[in-house]
Amino acid sequence: MAELLQVCVICRDKTFALQSKQPVVKSHNIRKWAFCNLQNVTIDCCSLQMAGSDMTFVAKVDSSTLTRKPTMKWLKGKWLDLASKAGKHLQFKETYDRNTKIYTYEMKIIKVVPGDAGGYRCEVSAKDVCDSSTFEISVEGEDAGEDEGDLDFSALLKKKPEKEEPEIDVWELLKSAHPSEYEKIAFKYGITDLRGMLKRLKKMKEEPKHSEAFLKRLESCYTVEKGKKIVLSCEVVDPNVQVKWLKNGQEIKPSAKYVMEANGNIRTLTINKTNLADDAAYECVVGEDKCSTEVYVKEPPVTITKLMDDYHVVVGERVEFEIEVSEEGAHVVWLIQKDKDSTKYRFKKDGKKHTFVILEATLDDAGMYHAWTNGGHTKGELEVEEKELEVLQDIADLTVKATDQAVFKCEVSDEKVTGKWFKDGVEVLASERIKMTHVGRFHRLIIDDVKPEDAGDYTFVPDGYALSLSAKLNFLDPPKIHLDTTGNMVSQNTIIVVAGNKLRLDVEITGEPAPTCVWSRGEQVRPITDTEGRVRVEARKDLSCFVIEGAERGDEGNYTICVTNPAGEDKAMLFVKIVDVPDPPENVKCTGVGEDCATIVWEPPKFDGGAPIKGYLMERKKKGSSRWTKLNFDVYESTTYEAKRMIEGILYEMRVFAVNSIGLSQPSLNSKPFMPIAPTSEPTRLTVHDVTDSTCSLRWLAPEKIGAGGLDGYIIEYCKEGDTEWVAANKDLCEKQGFVVRGLPVGEKINFRVVAVNIAGRSLPAILSQPMSVFALEHPKIRLPRDLRTKYIRKVGDKINLTIPFQGKPHPVATWLKDGKPLDPKMVNVRSTNVDTILFIRSAERDHSGTYELTLKIENMEDKASIVIRVIERPGPPQNVRVTDVWGFNAALEWDPPKDDGNSEITGYTIQKADMKTKEWFTIYEHNRRTNCTASDLIMGNEYMFQVYSENLCGLSEEPRLSKNTALIAKTGLDYKPNPYKEKDMACAPKFTQPLVDKSVVAGYSAAISCSVRGFPKPKIVWMKNRMIIGEDPKFLMQNNQGVLTLNIRKPSTFDGGKYSCMAVNELGQDEVECKLDVRSKNEENSGMEKFGNEENF
C-alpha cells in the first residue's frame, strides 16, 4: 500500500506542488503508520527568483492506526532544533483533519536569505519508534531584493537539475575555520551558544597522544533529549583492563543513573534519565591514556497551554492578547503581519502568562497576530471598526406627579446631528404644552403640566444613524388602602375567626405606578411572602388577598399591610382574633369516697378559647367499660362535684368537659380509678401466743365485715399501762393474722391493739383485754434424731420425709441450706411449726444428694445441725472388657470400673460366658470384687464370648458389657500358619503434578503463584527467584497444604518481576518447575487501558 506524498513550496502567495509515491513505514511491535518524506528543493534566484520571498514546507502523517499523537521536529544540520528559532523569520504550524485523521505540519521561512541554505531534516516519532526525512535548500543571488521583478512561471515550471551538496558538519567547519570567521558561521547556522562551543572546540582540537589502549575511541559528541537515555561506548585493546569514567574531570561512581558495563573489549557508560546537569565533557581513562567526548542535552519544547482569543474592538480601545505556556520564564515571540508603530505596543510576563497589549487600536492594527514558542504556535484575529455616533448622555426615565414638568435630555458627540422624538412609536409634535429644542450637542423634550395620558415610552432617533435612545415617563399617584369594614369586622380593624375556619381578606389598593404590597405580622421584620401554603398572600389586579386556611390559635395577633410606590406609602393594621372551644379541664381526681358516693375536684382549663367559661359537664364510667354516663345536663359552674348513687366495690373513672360560647371542649384526662367503699369492722379474737423478755407474739382473726374495699392489712400498736400514746409496731401493713412485737421493755406491762386497714381507711381497733408482762428468753436447741447423725442413704425414686424437733422461746425461725445455698422449693419442700421442722422430698433424685444444714435462730442466738443425704441408683456397665490371655482350657479376663457408679461404691461384678454356637449365657462368677478373673473348664474347639455386670448397694447394672474379643480354645495338634504380609512400598521421587504458570500482575497489588507436588518421604520445598533461593524475606509467604504449594508476594514492585522456580527434593530424587512473573507499573496499566480505548475508537 502506498501513500500520496505532497511537498509544497510557497513563494509570495504562489504555490507549486510536487507529487511522488512513498511506501508506508513499518516496524515490528509498532502499528502501521505513514509518514510523508520531503523532496530536495533548490531555490535558484536567477531562474526561480526565490531570494527574499517566503517558502513553506508541508509534511503529512496518517494517524488512523496510531494510539497517540505523533511528535514532529524540524532540524537543521545534524542537531539544531529549529523550534528554538521560531520567530518572525521562521514559523511553524500544525493542523489536524478529523475526517481523514491526517496531521499536517508546516515550516514557513519568511523572506529567505542565503543563511537559510543547508541540509534540513524532519523527524516524526510515536511512542518508541521514529522516522525521518532529509532535504536540501540552496539560495542563489544574495543581492536579490524582495521587490525586484516578478515570478517567471515558465522558468519555474522548467525542471532544473538538483544539486547534490554534502551534509555540513558545524563542528568540522569550526575546526577548520579561522577564528575571525566563527561569528559568521554561528550566524549562518543558527548557533546561539558560540562561547560554550568554542570552549569545547578547544578541548576537541587537542591532539590525543597515540595510544595502544583503545581500538575504537568515543565519538566526538553525542546529542540526547532531556529525560532520555544515552549510551557512550568505546573499545579497548585488553579485554581484562579496568577503566574509569570521568565527568568534567570528576570520577563517576556506579549508581542507578550511571550504569557501567564491560562486555569483552567493549566498555559502555549508560546515563539514564538525562537532565541539563548531564550536559558536560566525559572521558574514559585506561591507565594514563584516555579518550573524551561531549554530551549535549536538549530541553523539551515549551508548549502553549492556553491559546490566543480573537478580538473585535472599535478605534481607540485597548486590546490584550493573552496566552499561557507550560513553563515559567519561557521565551515567547509575538508576530504581526505588517510593520506597525512599536511605541503603542507593550509586552507583559506574569509567571506562565504572556500578554501582548495594544494601547489604542487603529484600523491599521486589524489582522492576524501570532505567538510562537519552541514547541507551539497560536494566533488570534483583531477586527477594528470605525467609531459610531457616541452617546455622551443617555435619556433617563422620569417619574412625575400631576401638573409637574417633565424634561427629557440627551447629548451626542456630533453637534450637527438632528433627530426626532417618538412616544410609543408615534412621532411627537410640538404644541403649547410640548416643546422640542436642539442646542449644540443637546436635544431636549419638555412637557408642561403633565397629565396621566402623557405616561409612556419616549424615544429620540438621530437622523442618519441606526441608533435610538429610549426612556420612560412614569405618572405618579400615591398608594391608598381601601378596607372593607363589613363582613368579619366586629369593631374597627378587628376580625374574629373561629378556629378551623378559613379567613380570606381582600384589600383594594390604588396607586400609580402599581404599588408594592407587603404583609407582616406583629413586630416581625420578615414579611409574609409565601404564595402557597396555609398562610399566604395572593396578588391580583388592584387587590391584595391575605388568606389563612384552617385558622389556629397561633395565628392570632396584629397584621400590618404596607403599600408603597415612588409617590409614597400607606399602612393599615388589622387584629385577627381566633376564638375556639376551651382546653379540657386539668387534674381531675377523687378526694374522698363513701359507701355510695365520691367527691371529685378539678382545675379550670389553661386556655378559655377566647371566650369566658360558662361551666362544666361531668361523666363517669366503670373501669374497663367504654360506656360513659352523664352526671349533669345543665352547666355546672363549680370545680367540685359530689357524685352519688354509686355501687360499693365497683371501680369508677371520671372525666370533665369545659363549656364556653363557642362550644364544648375535649374531655379531660380520666381520673385515677376510685371505689365507693367503707372501712371494715374491727379484727376479732385478739390473743397473745407467746411472750419473751423483749417480744410478744400476737394472733387474731379477720374482721367479721370486710366490705367491697377488701382488706389491705393490719396495723399493730402498743403502749405502756397508764399511757395514752399508742406506738405503731410495724412500718408496713401486716398481711398475716399474727405479728411479733419486738423491742419491748423487760418487766413492763404492755397494752396491745390491732386495726384493720383498707382503701377506705382504718377500722375500729381490737384491744387486748388485759396488759401482758414481758419475761426472759430460752436458747434455741435442735434435737437431731440418732439415725440422721450418720449418712442418710436412699434409692432413686424413694420418698424422703425427715422430721427434726427443736425448742426455744420465743418461737425460733428454722432455715434450711443445701451445700451452703438456699433450697430450691421446686425440688425440696420444707414445713416448719413452733416445735419442729419437716424436710420432704416426694421422689428422690441423685441431684438431691448433698449436705443439708438446718439453722435455728432466735434473734441473735442460733443452733445448727447438718444431715448428709445420699441418693443412689444402679451403676453403669464396666468399661473395656477384654480377653487378655488364653491357655489350655482357661481364659483370662480384665475390665475397667464403670464410669457411673450410681453414687455408691461398687461392691462386686458378675461374669457370664456364652458359646458362640449356642449363645446361651451362664454365670461363672458372682460378687467378684476384683476387675479381673479366670474362666476355667472351657471346651476345646469352642469359641467363647463374655459379659460383665457391675454391682453396688442397689444391685446389678441394667446392662452388661460384652468383651471386645473372644477366647478360642484351640484343638491340640493343629498349627495355623497365616500367609506372610508384605507391606506396599509407598516411596517415590518428587513429581510436580501441576506446574507453575506464567503470570502478569500490576505493581502494588498482592499476587500468588501455585503448583502441586507428590512424593514420599515428604519432599523439602525450595523457592527461588532468578535461581537465587528466597530466604526469610517477610515480603514472601510460602505455604504447603497437602502438597499444594503457594508463594504469596505482598504488594510486588517492578523489581520483583523475573523467573520464579520451585524445587522439591527428597532422598529418592528431585523435580523442579518454573514460571515468569511480569510486574506492570500502574502507569503502564493506565496507558494500556487508554490504548485499548483508543483502539476501540479507531
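Two rings of Phe, Tyr or Trp (its six-membered ring) count as a pair if their centres lie within 6.5 Å; planes under 30 degrees apart are called stacked, those over 60 edge-to-face, and the rest tilted. By that rule, ring pairs link Tyr311, Phe321, Trp334, Tyr345, Phe347, Phe356 and Tyr369 into a cluster. Welcome to this structure, which is a predicted model: local features need pLDDT of at least 70, side-chain atom pairs count only at pLDDT 80 or more, and totals for chains, interfaces and linings use all residues. Residues are numbered from 1 along each chain as its sequence is written, and side-chain values use heavy atoms, with hydrogens and water left out.

**Aromatic rings**

- The structure holds 23 aromatic pairs.
- Take tyrosine 636 and tyrosine 641: their ring centres are 5.3 Å apart and their planes stand at 85 degrees, so this pair is edge-to-face.
- Tyrosine 641 is buried, with a relative accessible area of 15%, while tyrosine 636 is partly exposed at 27% (buried means under 20% relative accessible area, exposed over 50%, and partly exposed in between, with a 1.4 Å probe and protein chains only).

**Charges over a ring**

- A charge sits over a ring if NZ of Lys or CZ of Arg is within 6 Å of the ring centre and within 35 degrees of the ring normal.
- Tryptophan 628 has lysine 621 over its face, at 5.3 Å from the ring centre.
- Arginine 655 also lies over the face of tryptophan 628, at 4.1 Å from the ring centre.

**A four-stranded sheet**

- Helices (H or I, at least four residues) and strands (E, at least two) are DSSP runs, numbered from the N terminus, and two strands pair if DSSP finds at least two bridges between them.
- Four strands make an open sheet in the order E38-E41-E44-E43, with antiparallel pairing.
- Strand E38 (477-482) and strand E43 (535-540) stand at the edges with a single partner strand each, so one side of each is left without a neighbour in the sheet.
- From one strand to the next, the twist averages 20 degrees (axes are lines fitted to C-alpha atoms, for helices over the stretch in contact, and angles run from 0 to 180 degrees between N-to-C directions).
- Strand E41 (residues 503-512) and strand E44 (residues 543-548) run antiparallel and are joined by six bridges.
- Glutamate 508 has leucine 543, in E44, as its bridge partner.

**Salt bridges**

- A search of the whole structure finds 33 salt bridges, each being a side-chain nitrogen of Lys or Arg within 4 Å of a carboxyl oxygen of Asp or Glu.
- Arginine 121 forms one with glutamate 123, the closest N and O atoms being 3.0 Å apart; at 14% relative accessibility, arginine 121 counts as buried.
- Glutamate 322 and lysine 306 meet through their side chains at 3.3 Å, N to O.
- Since glutamate 322 lies in strand E23 (residues 319-325) and lysine 306 in strand E21 (residues 304-306), the pair ties together parts that are 16 residues apart in sequence.
- Glutamate 322 is partly exposed at 26%, and lysine 306 is partly exposed at 35%.
- Another salt bridge joins the side chains of glutamate 552 and arginine 534 (3.7 Å, N to O).
- Glutamate 552 sits in the loop between E44 and strand E45 (557-565) and arginine 534 in the loop between strand E42 (516-521) and E43, so this pair ties together parts that are 18 residues apart in sequence.
- Salt bridges that share partners join Lys502, Arg504, Asp506, Arg536, Glu538 and Glu549 into one network.
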